[in-house]
Amino acid sequence: MNPFVYTRPADTGTAIKSLSRGDQAFFLAGGTNLVDLMKMGVVVPEKIVDINRLPLKNIEPVSGGLRLGALATNSEAADHPEVLKNYPLLSLAINAGASAQLRNMATVGGNLLQRTRCPYFFDLTMPCNKRAPGSGCGALAGFNRMHALFGASDKCIAVNPSDMSVALAALDAVVRVKGPGGEREIKFQDFHRLPGDEPQLDNTLAKGELVMAVDLPPAAFTKHVHYLKVRDRSSYAFALVSVAAALDMDKDNSIRDVRLAMGGVAHRPWRLRASEDFLKGRPATEDNFKQAAQIAMQGAKAYQYNQFKLKLAPNTILQALKVASTQV
Amino acid sequence: MSNKHDDLQDYKNPRDESRRDFLKQSSLLSAIALTPGAIRRAAENKWDEKIADEMGKVPLSLEVNGISYNVKIDPRVTLLDLLREQLHLTGSKKGCDRGQCGACTVHADGVRINSCLSLAVTNDGKKITTIEGLSRGDELHPMQEAFIKHDGFQCGYCTSGQIMSAVALVKEGRTQSAEQISEFMSGNICRCGAYSNIVKAIQEVKNQQS
């Protein structure tokens, strides 16, 4: 690991200023992703701004919803009584990711900012437009079993690895950020970006902007929810495909409202709006779930080694909807 | 109890000096080979003191197994390397060094973490517990006793991490079923495959406590 300047500011203003002054300056929170990337030489910071002392750890009710401080750990968020009661989908998704130790370290803000686990991104001997813009994409004609089905470009076919973000996309969360120019809100669907011609950019944060909190809207999906993650082993692995499903059901078994998002298939959490529109107002039947799953697959494009996802993804959507709809 | 160990040299165990010192010297040489111009020039001119200055050490106070330490360290040092290489607490193991195996699991302020992914400086003011801090003198922790009784290991390399994780797991209350134990112990890999015996050991400790 190369030497870096280490600072530990006590307030957000100083932290943002400190980051803005450095060319290769990075905020450090839980470190579960950044320290790993530094060890591998994928990220080589000149300055580390340790933000662990900033007062951003609280989880508190706000205007009908819930505010998750950026420095609350993944465990604190998953186990919080308000999250368990009103946002069980989020709790399920968080606990489907990483391990207990990592969830005790990783933060809400850091989870949003974690980098892809594409092996070509980690391997300094391989081309990767995300790590070294202009060098090419090793995965495109390489071993692309874990890679995207949707929204990829010929510059990058990597996927976002987060489980938490899939649930936050489904729940219409809002990311609160603060930068040199002040504070602003970013809708969750606008936070992560597609690779396009600039795969080195994972999200829409401007330079020096700090994630302060994630706001959850008033609880709407408290019962009929499920997070289904399919992976190579039964726990502690990144998703091949994952699905966050949330249903608001009438007494007559018809669907009043629904949210669906997929993980492991795109450069950002992949919200299934066309499937949602199809299901709204329809009865919660297996046949409708199957049709919704087929709608979700429109526009999917597989590569040499991830063809299996074309079948796995709709099956996972169907199963997630079935389990969510039968929760009692 | 809170003994002060401001000077880490005092804490050195003379028995394992030669091998560890050799390893440290050789890793220092490789570190020099990898660092930028200024440090390399200093090294070539044998300005050892200047190397230390260039490294820009950071003060750090923390408590490990009830003992307070005040040290100055390179901010690149992980908590695991601080424990093993400077405090000579080698019970916490380095497996993958990337947060994937769990061999380095310790408790920081009572919660289990991967010490290999935690920069030591970020633990300023924290209370760390390692496997060395689990027993009371010669009296083993119930989880240690249970691992021995149920043969919860073969080669033993992952065992200290497994035990630290297991102690935290019981405290977290994630022991409702064998499936839940497996799920919440999944951050600790055992390549000998002692998993079923580890689950039995955890269940025994849980039953003792309930």
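Two residues count as touching here if their C-beta atoms, placed from the backbone, lie within 7 Å. Everything below comes from a predicted model.

**View 1. B:I189 sits in a loop of chain B, between helix 7 (178–184) and helix 8 (195–209).** Leaving aside residues up to four places away in sequence, B:I189 touches B:C101, B:G102 and B:C158. Look also for B:A103: B:I189 and B:A103 are 86 residues apart in sequence, yet 7.7 Å apart in space, C-alpha to C-alpha.

**View 2. Helix 5 (residues 142–149) and helix 6 (residues 159–172) of chain B cross each other.** Their axes come within 10 Å, at an angle of roughly 125 degrees. That makes the two helices of chain B, helix 5 and helix 6, oblique to each other, and the crossing is right-handed. Helix 5 of chain B brings B:M143, B:Q144 and B:F147 to the contact, while helix 6 of chain B brings B:T159, B:I163, B:A166 and B:V167. Sorted by class, that makes five nonpolar and two polar residues, with no charged ones.

**View 3. Zoom out for the whole of chain B, with its eight helices and five strands.** Reading from the N terminus, the order of elements is α-α-α-β-β-α-β-β-β-α-α-α-α. Chain B has 210 residues, and 36% of them are buried. Take the contacts in chain B with a separation of 6 or more: 58% of them join residues 24 or more positions apart.

**View 4. Over in chain A, helix 5 (residues 88–95) is mostly covered.** How many of its eight residues are buried? Seven are: A:P88, A:L89, A:L90, A:S91, A:A93, A:I94 and A:N95. The buried residues of this helix pack against several elements of chain A, including helix 3 (74–79), helix 4 (81–86), helix 9 (164–170) and strand 10 (241–249).

View 5. Skipping residues up to four places away in sequence, A:A244 touches A:L89, A:A93, A:V166, A:A167, A:A170, A:Y227 and A:A261.

**View 6. Helix 12 (residues 286–296) and helix 13 (residues 309–325) of chain A make another crossing.** Here the axes come within 9 Å and cross at roughly 140 degrees, and the crossing is right-handed. From helix 12 of chain A come A:E286, A:F289, A:K290, A:A292, A:A293, A:Q294 and A:A296; they meet A:P314, A:I317, A:L318, A:L321 and A:K322 in helix 13 of chain A. The contact divides into eight nonpolar, one polar and three charged residues.

**View 7. Chain A meets chain B through 22 residues of chain A and 26 residues of chain B.** On the chain A side, strand 1 (5–7), helix 2 (34–40), strand 3 (47–50) and helix 6 (100–105) each supply at least two residues. Helix 6 of chain A gives the largest share, five residues. By class, the side of chain A that touches chain B has eleven nonpolar, eight polar and three charged residues.

Note on methods
Residues are numbered from 1 along each chain as its sequence is written. Chains are lettered from A and ligands numbered from 1 in the order in which they are written. This is a predicted model: local features need pLDDT of at least 70, side-chain atom pairs count only at pLDDT 80 or more; totals for chains, interfaces and linings use all residues. Axes are lines fitted to C-alpha atoms, for helices over the stretch in contact, and angles run from 0 to 180 degrees between N-to-C directions. Helices (H or I, at least four residues) and strands (E, at least two) are DSSP runs, numbered from the N terminus. Angles under 35 degrees count as roughly parallel, over 145 as roughly antiparallel, 65 to 115 as roughly perpendicular and the rest as oblique. A crossing is left-handed if the near helix is turned anticlockwise from the far one by less than a right angle, and right-handed if clockwise. Ala, Val, Leu, Ile, Met, Phe, Trp, Tyr, Cys and Pro count as nonpolar, Asp, Glu, Lys and Arg as charged, and the others, Gly among them, as polar. A residue is buried if 20 or more other C-beta atoms lie within 10 Å of its own, exposed if 12 or fewer, and partly exposed in between; C-beta atoms are placed from the backbone.
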